[in-house]
Amino acid sequence: MSLKLYYDFMSPPCRVLYVLLKTSKCNFEPKLLDMGKGHQLKPEYEAINRFKKIPAIDHNGFILMESVAITKYLARENMISKTLYPEDSKGQARVDEYLEWQHVGLKLPGNLFFRTAFINPLLTGKSPDPKQVDSYKQKMINALEEFDTLWLGCNKFVTGDTINVADLFAAVDLEQLKLPNFDPTADFPNIAKWWPKVREHFNPCYDEAHVILNKVIKLNASKLNKNIK
């Protein structure tokens, strides 16, 4: 196959690209790497991606990393549906506007909470500092409030009335917050109304990409309930 995707389903950006390619019926070779076992750090993968991170693609020898850059490249190469990344300049600008905002606006606060409440305790075997968890949780809630009101409060979807890659990036990022036993829909009505629509649009590929994550969420639910209140 001419296109290879290096991914791990525990990574949100990897899940985004997997769903995009599957939904668009793109012919690609999935190359699963287990980050938990350090597959991305092995010399054979370093030869492909010198930064030793995923996701990455190999398109006929052209190596590219970073999910947003990959998404735009796939769109230019006509490998994903044109409805998911608009062809017109203004439509692209709106999608790009969100993709730029989300790095610090939504992803960073969510990742800090996720790492403090879930990853660090998992790696160290120690309970997280409640004050630190609460601090990052509040910052994440503030970010969700902005997303709920400033993005979804005036649109049916993230950038307007039509679903696109911006919605997929946002929805997949929110899935990760379930690991520390947090429900992003509880206090955010626009998110609660929008999220199922994104899942429905990208199914069955969306659910397929989240099978492993959902299993981990269920396995850790009882333990996490003791740490996050």
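This is a predicted model: local features need pLDDT of at least 70, side-chain atom pairs count only at pLDDT 80 or more; totals for chains, interfaces and linings use all residues.
Residues are numbered from 1 along each chain as its sequence is written, and side-chain values use heavy atoms, with hydrogens and water left out.

Let's start with the overall layout. The domain assignment gives domain 1 (3–77) and domain 2 (89–227); such bounds come from an automatic or database assignment. Between the C-alpha centres of domain 1 and domain 2 there are 21 Å. The contact draws 15 residues from domain 1 and 22 residues from domain 2, where contact means heavy atoms within 4.5 Å.

How much area do domain 1 and domain 2 bury between them? The figure is about 1700 Å², with 75% of it on carbon and sulfur atoms. Buried area here is the accessible area (1.4 Å probe) that two parts lose on being put together, summed over both. On the domain 1 side, Met10, Arg15 and Val19 supply 33% of the area buried against domain 2, more than any other three residues.

Domain 1 and domain 2 have two salt bridges between them, a salt bridge being a side-chain nitrogen of Lys or Arg within 4 Å of a carboxyl oxygen of Asp or Glu. Glu208 forms a salt bridge with Lys22, and their closest N and O atoms are 3.9 Å apart. Five residue pairs, both members at pLDDT 80 or more, are in polar contact between domain 1 and domain 2. That term covers a pair of N or O atoms within 3.5 Å; within protein, one must be able to donate a hydrogen and the other to accept it, and residues adjacent in sequence count only if both atoms are side-chain atoms.

Which elements give two or more residues to the side of domain 1 that touches domain 2? They are α1 (12–23) and α3 (67–76). Helices (H or I, at least four residues) and strands (E, at least two) are DSSP runs, numbered from the N terminus. Helix α1 gives the largest share of that side, nine residues.

Helix α3 also holds Ser67. Ser67 is buried, at a relative accessible area of 11%; buried means under 20%, exposed over 50%, and partly exposed in between (1.4 Å probe, protein chains only). Setting aside neighbours within four places in sequence, Ser67 is in contact with Pro13, Leu17, Pro55 and Phe169.

Pro55 brings us to the backbone. Most residues other than glycine have a negative phi, and most peptide bonds are trans. The peptide bond from Ile54 to Pro55, however, is cis, with omega near 10°, and Pro55 lies in the loop between α2 (43–46) and β3 (56–59). Another cis bond runs from Asn203 to Pro204, with omega near 5°. Pro204 sits in the loop between α7 (189–202) and α8 (205–209).

Two asparagines are worth a look too. Asn60 is not a glycine, yet has a positive phi of about 55°. Asn60 is found in the loop between β3 and β4 (62–65) and counts as exposed, at 59% relative accessibility. Asn181 has a positive phi as well, about 65°, and lies in the loop between α6 (165–176) and α7. With a relative accessible area of 35%, Asn181 is partly exposed.
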